[in-house]
Amino acid sequence: MHRAGSSRSETSVACRVGLLLLAVIAPACGDNDGIFPESVYAQRCVQPRTGIDPATRQLYLDVAGSVMDEKLWVRSWINDLYLWYREVPNVDITKAPTAVDYFDQEKTPATTPSGKPKDQFHFIYDTPFWEALSQGGTEASYGVQWALLRTSPPRSLTIAYVQPGSPAAMVDPPLGRGAQVLTIDGVDVENGSDTTTLNAGLSPANLDETHTFVVQDLVASSPRTVTLTSTSVEIVPVQNAGTLPVPNDHVGYFLFTDHIATAEKALFDAFTQLSKAGVTDLILDMRYNGGGYLDIASELAYMIAGPSRTAGKTFERLQFNDKYPDTDPFSGLPLEPEGFVNQSLGFVSSRLAAGMPLPSLGLSRVFVLTTSETCSASESVMNSLAGVDVQVIQIGDTTCGKPYGFVPQDNCGTTFFAIQFQGVNNKGFGDYADGFVPGGVFQGCTTADDFTHALGDPAEGLIAAALQYRASSTCPARAPMTVAPLAPASGAVIPKPAWRQNRIVRH
């Protein structure tokens, strides 16, 4: 993976014919098509920033520019690095009011073999917001991860899990998995027509918003009213780490929700604990893990497989567009496969020093719990382990299908995310745009998410299926659906912001 501090090399740029003549002197394009490298337009901003950039601890380099400068930067950047730049439609740049509006149109309209959009991962964040999210793992919320079982009346809304120490965990008694939400600020969830109020309560836009919920706890006989105030909640990406009760006391388990910077120390601690416990099997619960940093995924895969299986092997080889068949466009160095990371990288907010040898279990197989929310870097963990002959047994449902990723790029206070590479494993496989299906690439069982038991409970549906498969290589009989599913694969949608559903390379 790219390490902090590496720089973009300025190579030749190919693009569609330019629509405007530039009133600047710039280096010639390699293709002589009138479009200059994005460096010509970079940080030429309508509202230049001043002072110290907290991310680099250096002065901002912004200078006064125009909306057209910002749009031209988008066009050059997409044309240079976007994986499917040849498929981008020819959009009139003069008609887009802002750079963000223009960026929204700069992506492929193609679809996958199943008919879903080829590019579902094209988005932006305000740069300070992105830096706070990705490094600190914080967001304005109550600490509840909602699960939408039905979005159309009669709706069904429950709780998937709660962040420790959050407002939802601090009420008495704490909110927990399986609690049904009946009303939000007086509006009936099941059939209410005021969806604005419902959505505002579910996803507070700001800190210190207060909303009132009537909930039916999983084991309660009657509903109760809970008032929650949004705050800056730190995501706890690793939860419930330990061994399962006898007779499965040699089976390790933990819930892993996000490949964020703070996960490095949490995973280190979890694997240290599991190694000391002498586990012989691991149930890795990534049913709600949308992805994040590939560096974290590489560390996780190493800690599962251990040194003997991973030494000299490829975790993932990144394939960029045809302008960069042999060169990494971000470092300018020859494009080399990325090995498995066996030492801590010392993410700024991980609370773990760089260079620490990572603990490992040296397992020959792993049980991975998945839903349609299992995406990107999580799929990379599965694919990379299969590439070094660790048997991946998939329990749950079809994953999201994202063998692609990007290096986020700031310009003028907006961080842009556009697909720039596809990843393949040690065996050269990376073709899973329609997701991993249990019993397809990997052995396993299709099993519905079970909101009637706690995560980590051996009786919970996905865990129980993993334990049954471990004991007998058989799957539980599939129970009929009791509610109309919202998503064809998982039967539920676990709404997460875009930053928690991707494959990200640091630069």
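Colleague: Which strands make up the open sheet of four strands, and in what order?
Modeller: The order is E19-E18-E25-E22, with antiparallel pairing. Strands here are DSSP runs of E with at least two residues, helices are runs of H or I with at least four, and both are numbered from the N terminus. Two strands pair if DSSP finds at least two bridges between them.

Colleague: Before we go on, what kind of model is this?
Modeller: It's a predicted model, where local features need pLDDT of at least 70, side-chain atom pairs count only at pLDDT 80 or more, and totals for chains, interfaces and linings use all residues. Residues are numbered from 1 along each chain as its sequence is written, and side-chain values use heavy atoms, with hydrogens and water left out.

Colleague: How many residues are in the largest nonpolar core?
Modeller: 82, and Phe 254, Phe 256, Leu 267, Leu 284 and Leu 300 have the most contacts inside it. H7 (residues 294-305) gives the most to this core, with nine residues. By nonpolar core I mean a set of buried Ala, Val, Leu, Ile, Met, Phe, Trp, Tyr and Cys residues joined through side-chain atoms within 4.5 Å. Buried is under 20% relative accessible area, exposed is over 50%, and partly exposed is in between (1.4 Å probe, protein chains only).

Colleague: And what does Leu 300 touch?
Modeller: Not counting residues up to four places away in sequence, Leu 300 touches Phe 254, Phe 256, His 259, Leu 267, Phe 271, Leu 284, Met 286 and Val 381. There's also a second, separate core of 25 residues, which includes Val 251, Tyr 288, Ile 393 and Ile 463.

Colleague: New topic: Thr 399. Is it buried or exposed?
Modeller: Thr 399 is buried, at a relative accessible area of 4%. You'll find Thr 399 in the loop between strand E21 (391-396) and E22. Beyond its neighbours within four places in sequence, its contacts include Thr 370, Glu 379, Gln 394 and Asp 434.

Colleague: Where are the cis peptide bonds you flagged?
Modeller: One runs from Asp 172 to Pro 173, with omega near -5°, and another from Val 246 to Pro 247, with omega near 15°. Pro 173 is in the loop between helix H4 (167-170) and strand E9 (180-184). Pro 247 is in the loop between strand E14 (238-243) and strand E15 (251-256).

Colleague: What about phi at Asn 240?
Modeller: Asn 240 has a positive phi of about 60°, although it is not a glycine. Most residues other than glycine have a negative phi. Asn 240 is in strand E14, and it counts as partly exposed because its relative accessibility is 43%.

Colleague: Last one: how many helices and strands does the protein have?
Modeller: 10 helices and 27 strands. Of its 507 residues, 54% count as buried.

How values were computed:
Contact = heavy atoms within 4.5 Å.
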